[in-house]
Amino acid sequence: MKQKSNIFLLLGLLFLGLGLFLAGYNLYEEEKASLVAEEALMDLKEEIEDNPSKEEYVKNPDMEMPTKKIRGKRYIGWIAIPSLGIELPVLDEYSESNLKLGPNRYEGSLYQDNMILIAHAYRNYFGRIGQLKKQDQVIFTDVDGHVFVYEVIQKETIRKEDFEKMREGDWDLTLFTCTFDNQSRTTIRLRRIEMI
Amino acid sequence: MKKNKIWISLLFLGMISFLFLPTTQAKEFNPEKKSSLTLFYEIEEVDTSDVSFSLYQVAYRKDSKTYEITKDFQKYPIVLKEENFKDLAFTLEGYVFRDDIKPYQEAKVKNQKVTFSSLEPGVYLVIGTAKKEKGMIYTPESILVSLPNLEEDWNYQVEANLKYESREETDQKLSKTVLKIWKDEESKDRPNQITVELLKDGEVVESVELSKENDWRYTFSELEANARYQVVEKEVEKGYTVWVSEEKNTYMITNLQEEKKESTGTLPNTGTTWIYAVLFLGMGGIFLLLGLLTRKKHETKE
């Protein structure tokens, strides 16, 4: 009987240890990710022109989105979500390693009003986008310095198998990230509004 | 009353048959019958009589629906679609100038018009020479035309008014920007770079690589304003087709991937391992509780 209780206690300590380790690891990863993004954002902002003159995208919305290279990685601009106090640089292409540096362009283009952005569920990435409310604003600045303002229209939860559902509908901008259990994707749909 | 009904149904029948008439007629395409093409080229107060037009056969028309590209143009990755004829004409103009393709027929404007005749069914490209007069340059817009042309019926005597671009002769320089447009849903087959050739009066004068490095755009500057320019994408990636459009001083080179692959799979994982941390912490708590409880039980028993 005493042996049994010892095994329970041992297992309990083991799991507690594992849990604490994982929690620590997650905190470390999140901290690292927000630092990396912060640094890249600073460099990126310096490179973005103040007075955008190139209005090419208005005439040619099909053009490729311009990029800036920061430490070997390509960025298409930066995103601000004021209600969550978030500012992040956005990478041109989606990949596992790019996800550790900031949100990625999953597909589409700002100029064609069909862009989809993906990011990790880190607290300072898209981890809190589920808290966004209707009419909350999201601001995107491209590397030519054009500013686009969006407002939240609706929130969806899409099963990870529903690959096509992410593309469905006519949304100017979409943000998505994993839910807590990783089985679904918290998805925010936005509409472009007039400039402030 | 009855008479009225008969009249109405007769009228109705008449209307129905009228609806069917043009469609049945339109289907009668005669592959043997030759066509003619008359082009009107009028510029106010300008004598266009020494402007010459060259005619190139781009495709044969096999039946009412399909074309077969001719030998001269087979090596170019184009798809003939009527709605795209304007851009395709400019695209092919570039190839004709660069590769010096020989025309099928040539003719000079007379009384503000020019006629080509005995043309077998197909798609034809018309390119004209520029005309300088009184400090102005007039350049006719190249066109692609389908012969015979399907209007209400097959028309074997096609007529068209040619548009032209006019600009002042000047010593000033100008710039032209080229933009790359990909229509391939960010395919993995997209090449990392492509080469664009700039043609000035039929000669390649500059060649530039477009890639992510320059955001797939480039501006040719210090160009002589009085010359005639085209751009050609040097080699088009396999599986893609091309067309070039021009607006003012911007060229857009579009590459379309013809076969779109079906996308499958799941949405990428963007999660954290917080859920496991919480799970482990919970399990740790439960085991500790169990351990403590069993120990207490044991102690009270003793």
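# A tour of chains B and A

Select strand E1 (residues 35-40) of chain B, where the side chains alternate. Ser35(B), Leu37(B) and Leu39(B) point to one face and are buried. Strands (E, at least two residues) and helices (H or I, at least four) are DSSP runs, numbered from the N terminus. A residue is buried if 20 or more other C-beta atoms lie within 10 Å of its own, exposed if 12 or fewer, and partly exposed in between, with C-beta atoms placed from the backbone.

Before moving on, a note on the model. This is a predicted model: local features need pLDDT of at least 70, side-chain atom pairs count only at pLDDT 80 or more, and totals for chains, interfaces and linings use all residues. Residues are numbered from 1 along each chain as its sequence is written, while chains are lettered from A and ligands numbered from 1 in the order in which they are written.

**Next: the partners of E1(B)**

E5(B) runs antiparallel to E1(B), joined by five bridges. Strands pair if DSSP finds at least two bridges between them. Zoom in on Phe40(B). Its bridge partner in E5(B) is Lys113(B). In E12(B), Phe40(B) stands opposite Asn161(B).

**Next: the two domains of chain B**

Colour residues 26-169 as domain 1 and 170-260 as domain 2. These bounds come from an automatic or database domain assignment. The domain centres, taken over C-alpha atoms, are 23 Å apart. Domain 1 of chain B and domain 2 of chain B each give 18 residues to the contact. Residues are in contact if their C-beta atoms, placed from the backbone, lie within 7 Å.

Which elements give two or more residues to the domain 1 side? They are helix H2 (85-99) and strand E8 (136-140) of chain B. H2(B) supplies the largest share, nine residues. By class, the domain 1 side has nine nonpolar, four polar and five charged residues. Here Ala, Val, Leu, Ile, Met, Phe, Trp, Tyr, Cys and Pro count as nonpolar, Asp, Glu, Lys and Arg as charged, and the others, Gly among them, as polar.

**Next: a four-stranded sheet**

Select E17, E14, E20 and E19 of chain B. In that order, they form an open sheet with mixed pairing. Strands E17 (217-224) and E19 (240-247) are the edges, each pairing on one side only. From one strand to the next, the twist averages 20°; axes are lines fitted to C-alpha atoms, for helices over the stretch in contact, and angles run from 0 to 180 degrees between N-to-C directions.

Strands E14 (residues 173-183) and E20 (residues 250-257) of chain B pair in the parallel sense, over seven bridges. Find Trp182(B): opposite stands Asn255(B) in E20(B).

**Last stop: chain A**

Chain A has two helices and nine strands. From the N terminus, the elements run α-α-β-β-β-β-β-β-β-β-β. Of its 196 residues, 38% are buried.

Finish at Glu151(A), in strand E7 (residues 147-159) of chain A. Leu190(A) lies 39 residues from Glu151(A) in sequence, yet 5.3 Å away in space, C-alpha to C-alpha. Beyond four places in sequence, Glu151(A) has contacts including Gln135(A), Leu190(A) and Ile193(A).

Terms used. Contact = placed C-beta atoms within 7 Å.
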